[in-house]
Structure formats: structure tokens, C-alpha cells
Amino acid sequence: MKYDAIVIGAGANGLVTAHYLARAGKRVLVVEQHPSADPSADVGWIPAAVMRDLRLAGSGLRIDEPDPWITAPLPAGGTLELSRDIARSTEAIRRISPADAGKWPEFCRRMRSLAGVLERLYLVPPPDIESNDVRELTRIAGLGLYVRRLGKQTVIDLARILPMSIAELLDDWFESDVLKGLLGALGVWHLKQGPRSGGTAFNFLHHHAGSPIGVFRPARSNITQALSKLPGVEVRRGARAMVLARNGTATGVVLEKSGETIEAPLVASSAPPRATLQPLAIELYPDFARAVGNIKARGVVARGTLTLEPPPAYSTLCIAPSLDYLERAYDDAKYGKDSTAPYVEVQRTDGRVEVHVQFVPPGTHGGLAERVAQILNVRPNQVELQPAEESLYHGELTLDQILFMRPVPGWSRYRTPIEGLYLCGSGTHPGGGIPGAAGRNAAREIL
Amino acid sequence: MSLRTTPFHPRTGPLSEGQAWRRWAGYVVASAYELSHDREYHAIRNSAALFDVSPLYKYLVTGRDAARLLDHVVTRNVGKAKVGQVLYTPWCDNEGKQIDDGTISVLGEQTFRMTSADPTLRWLHLNSSGLDVTIQDVSETTAAVSLQGPSSREILQLAAERDLSALKYFRLTSAKIRGIPVTISRTGYTGDLGFEVWVDASQAVPLWDALIETGTPYGITPAGMLALDVARIEAGLLLIEVDYFSSRHALIEAQKSSPLELGLGWTVATDKARYNGQAALDAERTRGPAWQFTGLTVDWDSLEQLYAEVGLPPRLPSQAWRTSVPIYDRSGNKQLGYATSGGWSPLLKRYMALAHLGSEHAPGTEVRMELTVEHRRKQAQAHVTPLPFFNPERKRA
């Protein structure tokens, strides 16, 4: 069988790249190391362009838009529930802090405006700051104009907020620990940083991108499963593929267990950049190989499932009662230990109850399930966790690893120094938490 | 921290009549042992000169992927080299600009010794990711002398008690000199018949003594860097930080050179797997390098006339110079390039220079070289001359 292209990885980005290539008439094979599709929900904004281009609307795609979008226990009992309706959220906040309630609508508006800038940046390859090409310069100028038209406040907010810590941003606005805790959690989401680390305000906005105004949790969907069912590409599961390259040009892949080689002039890898490129070091210039080796992709999240009968009434339960709580959870991880009191979020989607636990750095995880169970007031055997050795985003979204610096500076256009080898996973721009965006950008760059 | 002395210093130190030492890679080596380097120079061309070249950086690269690593770094095809071969080779950055040059000795199927002018350990390590290879810095534990000149083979044959006539140019062999295990390579930096002898640093002094004793009837002469400098210009051999700048140390792009611009096109393999700078060098080869590294001969009559104008006989540099000197076209108005080394060849009776010129200036082209006559800038007529200036048959014999 002859293929025009091989895509490594059948996650959302890999499949999106594969389907865009297939739509352009290429014969595409997708190779996935896991034998079966991951049943867990995809967390993140699905760009409308992906849904439109791949006609996902009629393919069984479900996007969960829970209302209220978050529930957080209050120290004195009861819960704070925030809704998609800003007025209702404002009323809920008023019960714990009238001052915060007064600021909520304006906060939501300002954050939405900033997230809008990111959305515009994310659906195209990152700006090429080294370019002298007129089209590229026009594009960068267009972006500048767009931001300018959003008003002086947005320009100031962008410059001021992006490098800020989420704690400083939230302390600027609010007084309630519970509110700041549940918002601050989004700032450290998948990062090995605490809410007082610089750049966490950016991470907060990154994860707000694609969400409606006043909703600070990414959408949950079954996009990977929906993509898996789309016809047009061949998917081989249960085989880990490594890229083959000779004299600086990709020639195909080799399957790790069987040793079978499959040739193709084009290989797109949605696997982490480091895992894709490190075995090819002999084909790479050392400066590039070192930059790839130094990508920060530290695992800090354990995901898993919670067995609850009957399923809980809430859709998303957030245990991050204050910014101090989050910072302390991070303190443990900073020294290589699991958080004594981790940030825990429970998400109910399609009858599955999933749990996100942070911070869980690589190592031994003695008593972790017990601690999570205690926090959630369930039995330990109801909690099943899989700590991730590496960042699930294939590279943390810190300020030094975004835009034209993702995956490594100078190589943000999905290409690699190896002719015919492209990267299309969340290790590339715009990064994790936006299923299909990197895959789409990469495919458009390839075509 | 003071400069270090080499393992031969117990012998070379007392020989120095004028305490004229030069710094080389953190060591001191003799500029000249006598007060003038003339006799040392003539030993290179007429008998045999013995140089202490221990300050060279030396790395032992071993393991299954040793050849792959070196092939990834350098421009020559190491994989194709046979055991016992020595390769002279440059190595480049990703843009095909030269980082350094040195030699690779193939000591065994999986054992190589690389020499370099600049420290290279980190670079080798950076290039070795994923490879099964061990890199050892043996700079301090391996000492080396270079025995150069028409009598060098006879001296070494006597010292090693074996026939070395089969040891061809750029080949090596292991041997024993008075029981001391050594590696002898048919290499050098003089363009003459010559050898380099590699030895464990602990055996350096007895080796020196053995060579001096054996060589004295043949006129063996310890020689320093001043004599070597004249010989290497005659031989057209370039010197880092003098004739070119490592792309590592260049401050601007214009200070970098590619091997193709340095007359080292023959070292850039076209038949090997991906190596650093390959794409850039392939492209440069296709479009043709912008610069060439060539010889210049300064015309005697022109020199004589310039000095006659001020009432002096021609004056010649007493040592090789290593400064940048502008080269102009025959009208003297347009600069064509610059010379980086030059000096008088006592053997050839010729004022020679090594120069960077645009690649369009063919041998024989008349140019002008700037020089100072009695404090005034003048231009002497010169001609583009192919390198090397001196290329005796015995070099390769």
C-alpha cells in the first residue's frame, strides 16, 4: 500500500491533520500507539473552522456546555455556583462578597476581550517575527490594528496582564478566596507553576479562549471519538511509530514492535516534539536537538475517573478554596513531591465522571488516591488516577514556549529541519487545550 | 592561573636561549630556541626539525557509533576511511561556516583520535545525543612531537628500529621507540616529508631524548613556532584566528568563512549522510563560493623600486607576519580582498602572502598589496599564485 502521508497519533490534532490532508486528495495513514480510542472527554475549545471544514456537526460530535459551569464548596457550608448567565453568577457571588459581585461583569468583559485576541492568534500559524516578507508583515500589522481597534484598555491589559501572575490579576479585582481559588486554578492548569508565578495570567486567558463571556472553564467534548468515526483516512492502532529519515529527508515510519516500515514522502507527527525528534538527533544540528531536548514538558497532572453512584448533581466541582491553597499545592511539586492537599476538579461528561488532580509530578505517588478520596469525601477505591510523566500539552504553556517559540524558537511553523517531517500536535502553536487547532494550522502549512 | 608547560618542558625549557615563548592553548611553547629562528627554519627544509606540538587539543572517540558521530560533525567522509588513515578535515556550523579544522586518526574500527585548535569536547558531546559513543579529552595525557624535514624518516626508522618506507602520506602506525609505545603518523604542518609522534605524556621526556640522540648525527634541530610559521606559509596551510576566524568567535557574518572559500573544497564530501552544514555547503558549491584563499607573490622589482625611492635597499620582514593587509586591483583604487599571513621564503627567495580574494581573480592576475615603506603607505605589485608555494615530491613520497 502506498501512502502520500503518514500521521503519527490518533488524538484530535493528529486526526484533524489527517482529515485535512485527505480532503486535499492525499492518501493518509494514521498510526496510533494505543490499541483503542481514549474514552475520556476532550477538554478545550474546538475552533468553529475545524467543525465547519470537517463537517463535524453531523458526525456525532457533542459539546458539553454545562450550566452552572462550576460548583465550589464554601467554607461555611453550601456552594458557590457560577452560571453561563452573568446576572445569575453576579447574584451568586453577591452572597459571598457584594464587592466582588459588583466587579464580576466588568471582569468578564475585559477577559473576554483579551481572549478574543488570543483566538485570532491561534487559528493561524504564529507571527514570524524574523520575516521580511510583505505578506507576513501585513499580517502582523493587521493583528496590531485589530488589537488597537479593541480600544486603549485592551492594549494596556494585553501588555500588563499577559506576563502577570494570576494571583496578582485576581487580587487586583476580587476579595473572595473561593472565587479567586476557582479562577486561579485555571491559571495553573497543566503548568508546573503556582498562581504566584509570572505568566499564569496568560495561561488563564489561554484556557478562556473559545469560551463564552463569563465562563472560565474550557468546553468538554467527544471530538476525538467523532473524528475517529469520520471516513477518509486509514487508522492503524496498537503500533508505536518512529519517524524514519535519511540525509535530512523523512522517508516514512517504522513500527516499534514489528519493525515494519511504511514509506511515505510526508510524515506529520502529533506526538510530543521531543519524542518525535530525539531519535533523529543524528539528522539534526545540535543546537536544534538541544532546544528540543530542553522543551519544558513536566508532568503535573493526574487524570482519572471517579466511580459515583448515582452520578453527582454538579457538572464541575472545583476544590481549590483559595490562591494560598493552590500555591501550597504547587510548593510540594516544586520540590518533587505530590501536593499534600492537591487541587482537584471533578468533571461529569456523558455519564463519565472524570477527575483532574494537580500537582502530581513524576515519582512515587503514595497515598495520592486516598488524599483525593478524602478531599472528595468518597472511598479510595472509587478513585482511579493515572499520573502523567510528561505534560499532557507536550510542552508547558509558559511565556517562553508560546507563539513563535513553540515548540522551539525559530521552528514554530510546524516544519522541522527534516524535509517532509512536520509537527502537528499540541506541542506546536497554539498548544494544548484547543483540540484540532494545531492540527488544522499544521495541515494548512503542509498544503 | 599561570600558563602550563608541556610534558617536554624539562627538555625544551633549558634549550631556550632567549626565553622567547608563545602561548598556545593555555601552554607555553618556544617561539624560537635560538635568538633567531633562521637555523630552525633551515632544519625543516634541509635536515630535520623537532617541534613540540603537545598543546593541540586531542580527543579519543570510541564506541559503536564513533564514526557516525565524527561524520555528523566534520565535512570529510570518516565512515569511508580505513584503519591507519589520518584525515585532515574542517568542521562547520549549520550555515556551512567553518568552526575549526584538525585531523582525525583512525586508530581502530571504533577508535578515533581527533585533534583541534580550539576546545571541542562540548561540541562533540552536543552532537552525540542518542549515539553509542565515548568521548575522552586526552589533551593532557597525550603528548606529541612533530619531526619534519628530509631526514625525518631516516631518524625515525633508526629510533623505531623498523622500516617506515611503507608508511604513506596521511597514514599512521603504532611502533616502539626504545621500548616506549608510540603512534607515528605521516603528517605535519610544514608541507615537507614529516611525521608526528604521539606518546603518553609520562613517556614524553625519554622519547625526546631518544629522538635527539638518534637524530643528532642527522642534524636534528629543536624548532619553535616562528620557523614553523614560515614553513606553513610556504606550504599554503591556513591557521585559525589568523587566516580565518572560527564561526564561533566571529562577531559579524562577514568574519566567517566556509571551507569552500578557504580552498578546502576537497575536504567537503559529496557522498555522505547528513552532517552539520551540509545543506548550506551543497548550495554554496552549486552557486560557487564568493571568496578564494590563494597565494600572492610580491614582485621583487616593485619592492626594490619602492625602497629605492627613499634611498634604501629592499627590506624584508624578518619574521612571518600575521596581520590583515589590503589587496587592491592593479590600478590601486579598488580593494579586492586582504592578505592574512605573509613573509619572506628563504628557500624560494620570494616574498609570499596568503590572501582572501574574490573567487574571480585567477592565478597570474596582477594585484597590489599595501605595505609601509619608511612610515608611508605604498602599494607593491604582486601576482596571484596558486598554493602551495613549496610542494616538494618528498612531501608525499
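**Salt bridges and one buried leucine**

At 13% relative accessibility, Leu172(B) counts as buried (under 20% relative accessible area; exposed is over 50%, partly exposed in between; 1.4 Å probe, protein chains only). This is a predicted model: local features need pLDDT of at least 70, side-chain atom pairs count only at pLDDT 80 or more, and totals for chains, interfaces and linings use all residues. Residues are numbered from 1 along each chain as its sequence is written, chains are lettered from A and ligands numbered from 1 in the order written, and side-chain values use heavy atoms, without hydrogens and water.

Reader: Which strand holds Leu172(B)?
Author: Strands (E) are DSSP runs of at least two residues, numbered from the N terminus. Leu172(B) lies within residues 172–177 of chain B, and that run is strand E11.

Reader: How far apart in space are Leu172(B) and Gly84(B), C-alpha to C-alpha?
Author: In sequence, 88 residues separate Leu172(B) and Gly84(B). Contact means heavy atoms within 4.5 Å. Gly84(B) is among the contacts of Leu172(B). C-alpha to C-alpha, the two are apart by 5.0 Å.

Reader: What residue forms a salt bridge with Asp192(B)?
Author: A salt bridge puts a side-chain nitrogen of Lys or Arg within 4 Å of a carboxyl oxygen of Asp or Glu. Asp192(B) has its closest N and O atoms 2.4 Å apart from its partner, Arg394(B).

Key: Helix = DSSP H or I, 4+ residues; strand = E, 2+ residues; numbered from the N terminus. Lists of a residue's contacts leave out its neighbours within four places in sequence.
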